[in-house]
Amino acid sequence: MAATLTSDVEIHELRAQLQATAWRHIVVLTGAGISVASGLPTYRGPGGLWTRPDIEEVPDAAMLARDPARIWTLFGPLRGSILTAAPNPAHLALADWEARSPETTSFTLLTQNVDGLHGRAGSRNIVELHGALLRTRCCNPACTLSPFEDTAEHPAPPLCTVCGQPLRPDITLFDEPLPVDAEWAAKKALRECELFLAIGTSGTVAPASNFVRGAKYAGARTLLVNLTPMQPRHPDFDIEVLGRAERVLPLLLGAAS
Ligand SMILES: [Zn+2]
């Protein structure tokens with residue numbers, strides 16, 4: 001039966017256990033919950049972006065094909081929010097943990113977030129499962145235009161300078177597959193994973209539910225840090241730590257004092 005921890009004392013105890021082991025392969029998965037303290041909305045949770053009453057349909061591949069302007073109307077303003085947001089103590093604790101890890105430890109940070117805050121916090125080995133909102137690419141998969149950094153909100157969809165098709169934010173929309181390179185990197189990291197930590201994401205829906213299964217199959221110790229308890233519990237998580245990521249992670253991952 002998996003344990004649920006909530007108090008500072010319990011989290012400190014777990015920190016001591018984690019620090020007593022020389023992990024060779026660490027995989028972290030983060031979701032929208034880690035960026036809430038930076039002022040960014042979650043997508044699907046209570047108050048989330050795609051549950052707002054003024055948004056009638058979720059942005060998916062069909063919407064992009066039918067009406068690229070609508071995609072920019074939804075995501076363009078989020079670029080402004082991301083630019084003014086700053087990494088919070090949870091992002092910083094992860095970056096610090098990676099920096100303190102021995103060179104012989106492989107550390108892979110998988111993120112479902114498109115906000116780029118892990119990179120700004122100083123994390124290095126990041127796999128962006130859903131792309132990056134501050135990047136733009138061409139809609140045409142055969143086009144030779146490389147994705148490029150772009151902070152403009154684009155009230156009207158910009159057109160590609162190479163092929164003339166509309167450009168799009170370089171993010172994974174609902175019902176689109178994960179980028180091939182990101183999915184490959186995630187699978188590779190999970191195959192040798194010894195410690196798996198999911199943060200700010202429900203443990204019961206994909207990709208966390210699949211990733212924890214993969215990590216468990218590889219023999220990893222598995223932890224979930226989230227604000228709300230898993231419903232129902234995923235059997236492959238050993239430990240669930242309940243609390244806000246920006247409170248829990250500095251306690252759990254901070255250097256021993
Ligand atoms: Zn193009």
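By the criterion applied here, in which a side-chain nitrogen of Lys or Arg lies within 4 Å of a carboxyl oxygen of Asp or Glu, the count of salt bridges comes to 11. The structure is a predicted model, in which local features need pLDDT of at least 70 and side-chain atom pairs count only at pLDDT 80 or more, whereas totals for chains, interfaces and linings use all residues. Residues are numbered from 1 along each chain as its sequence is written, and side-chain values use heavy atoms, with hydrogens and water left out.

Side chains of opposite charge can pair when their charged atoms come close. One of the salt bridges joins Arg135 to Glu128, with 3.4 Å between the closest N and O atoms. Glu128 and Arg135 also belong to a network of salt bridges that links them with Arg137 and Asp170. Glu128 counts as partly exposed because its relative accessibility is 26%. A further salt bridge is formed by Glu176 and Arg168, whose closest N and O atoms are 2.8 Å apart; both of these residues are buried.

Helices (H or I, at least four residues) and strands (E, at least two) are DSSP runs, numbered from the N terminus. Within helix H6, Glu183 and Lys187 are four residues apart, about one turn of the helix, and their side chains meet in a salt bridge at 3.8 Å, N to O. Glu183 is partly exposed at 32% relative accessibility, and Lys187 is likewise partly exposed, with a relative accessible area of 49%.

Helix H6 comprises the 12 residues 180-191, which should span 16 Å at 1.5 Å a residue; the distance of 17 Å between its end C-alpha atoms agrees with this. The expected span is 1.5 Å times one less than the number of residues. Ala182, Ala186, Ala189 and Leu190 are the buried residues of H6. They lie on the same side of H6, because they cover an arc of only 95° around the axis, the arc being that of the directions from the helix axis to the C-beta atoms. On the face turned away from this buried side are the exposed residues Val180, Asp181, Trp184 and Arg191. With contact taken as heavy atoms within 4.5 Å, the buried residues of H6 pack against strands S2 (25-30), S3 (106-111), S4 (126-128) and S8 (195-199), and against helix H7 (208-217).

In helix H8 (residues 245-253), the buried residues are Ala245, Val248, Leu249, Leu251, Leu252 and Leu253. Seen down the axis of H8, they fall within an arc of 170°, so they line one face of the helix. Their packing partners are helix H1 (8-19), helix H4 (89-100), strand S8, strand S9 (221-226) and strand S10 (239-242).

A zinc ion is held by the protein donors Cys138, Cys143, Cys160 and Cys163, each through its SG atom, at 2.2 to 2.4 Å. Donors are N, O and S atoms within 2.8 Å of the metal (3.2 Å for Na, K and Ca); water is not among the atoms, so sites may look incomplete. Along the chain, the donors follow the spacing C-x4-C-x16-C-x2-C. The angles among the four donor atoms are 97 to 116°, and the site is tetrahedral, a class that requires all angles of four donors to lie between 85 and 135 degrees. Cys138 is buried, with a relative accessible area of 5%, and Cys143 also counts as buried, at 15% relative accessibility.

Individual buried positions occur elsewhere in the chain. Ser209 lies in helix H7 and is buried, with a relative accessible area of 8%. Neighbours within four places in sequence aside, Ser209 is in contact with Gly203, Thr204 and His234. Thr105, in the loop between H4 and S3, counts as buried at 13% relative accessibility. Not counting residues up to four places away in sequence, Thr105 touches Trp23, Arg24 and Ile26. Leu74 is found in helix H3 (residues 68-84) and is buried, with a relative accessible area of 12%. The C-alpha atoms of Leu74 and Thr4 are separated by 37 Å, the two residues being 70 residues apart along the chain.

Notes. Four donors count as tetrahedral if all angles lie between 85 and 135 degrees; four count as square planar and six as octahedral if opposite donors are over 155 degrees apart and all others between 65 and 115; anything else is irregular. Buried means under 20% relative accessible area, exposed over 50%, partly exposed in between (1.4 Å probe, protein chains only).
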